[in-house]
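Dear colleague,

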Amino acid sequence: MIKPDLSEPMQFIHDMSINVSYGHFYSVFPTHWHSFMEILAPLSDDMSITLDNEVFTLKANQFVLIPPRNLHSLTKNSLSPCLVVQFSDLFLPQLQDFIHHKQLLFCQPILEVNGSASFMENPIDILLKIKKLYYSGISFKEMRMYEELLHFFIVIGEHNYQIENKLSAQKTPQQKVYDKKFDMVSDYIGQHYMEQVSLDDLAAFAGFSKYHFSRIFKAHYQTSLPEYITSFRISKAKELLENPEISIVDVALQSGFLSLSSFNRTFKQSNNCTPSQFRKMFDHFPA
């Protein structure tokens with residue numbers, strides 16, 4: 001099922017572009033990735049998932065959004081059923097709303113239905129509606145499932161907007177000033193990431209001492225400045241790796257890395273695969 005490059009092929013047993021699995025299929029599903037999107041609802045408190053090198057213990061009232069080309073593994077400790085919805089990555093990215101709000105939609109890969117911010121409709125119930133449609137003999141089945149899937153993402157988007165607005169309303173005037181400062185800092189890094197951006201340069205740009213800037217930067221982004229810049233460069237490298245015409249060496253240099261060896265090492269630490277392996281993921285998209 002999983003190939004040597006850790007890919008899970010998109011091989012559904014029907015001719016639809018959306019698939020639903022309901023039941024108990026494995027105790028351990030090893031590290032893998034796929035070119036389709038996946039939504040996982042454990043439906044019980046017996047599953048854990050590893051995403052981005054971090055292990056999460058899942059609850060029955062949670063669900064997971066797994067974007068394409070994201071390495072993950074699963075462990076299940078009982079025979080109770082779970083629900084998995086998988087669908088092509090070719091449909092939703094054609095919608096401008098989805099493109100514009102993609103970061104908002106996927107800002108929290110694991111969502112809890114009974115969290116502090118309520119949903120306008122229970123997303124797990126929507127997934128169960130998709131399951132019911134999948135196993136039915138109703139006409140226009142695939143279209144009806146995508147109708148529910150679009151509704152699912154609207155519910156997620158509205159929920160995440162609610163959280164974002166709530167957090168914004170709770171900020172002090174000073175925090176809002178810092179937000180504007182760090183928006184400028186983020187833009188600066190976006191324009192100069194191919195150069196050697198230093199703490200002194202950014203502190204001077206933001207109008208702070210380097211010691212104060214380093215402290216408030218970490219408080220704002222929950223990561224250090226070097227880690228943030230490295231993460232930004234890795235994200236740019238991923239974009240460049242989608243283009244097979246750009247060599248791995250040029251990807252490294254155009255992403256701001258000083259050498260191929262440092263790029264390969266940092267990329268693998270961040271993504272659990274080499275740049276070459278990541279590039280091969282894009283060979284799996286349907287024509």
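Which residues have the most contacts inside the largest nonpolar core? Before the reply, please note that this is a predicted model, in which local features need pLDDT of at least 70 and side-chain atom pairs count only at pLDDT 80 or more, while totals for chains, interfaces and linings use all residues. Residues are numbered from 1 along each chain as its sequence is written, and side-chain values use heavy atoms, with hydrogens and water left out.

The residues in question are Ile-39, Phe-63, Phe-87, Phe-152 and Phe-153, within a core of 31 residues; a nonpolar core is a set of buried (under 20% relative accessible area, 1.4 Å probe, protein chains only) Ala, Val, Leu, Ile, Met, Phe, Trp, Tyr and Cys residues joined through side-chain atoms within 4.5 Å. Two or more residues each come from β1 (18-23), β3 (37-41), β6 (62-66), β8 (82-87), α3 (123-134) and α4, and α4 gives the largest share, seven residues. Helices (H or I, at least four residues) and strands (E, at least two) are DSSP runs, numbered from the N terminus.

Leaving aside neighbours within four places in sequence, Phe-87 is in contact (heavy atoms within 4.5 Å) with residues including Met-10, Phe-36, Ile-39, Tyr-146 and Phe-153. Another core, of 18 residues, lies apart from the largest one and has Phe-182, Val-197, Leu-202 and Phe-213 among its members.

Elsewhere, Ser-48 is found in strand β4 (residues 47-51) and counts as buried, at 17% relative accessibility.

With best wishes

Note on methods
Buried means under 20% relative accessible area, exposed over 50%, partly exposed in between (1.4 Å probe, protein chains only).
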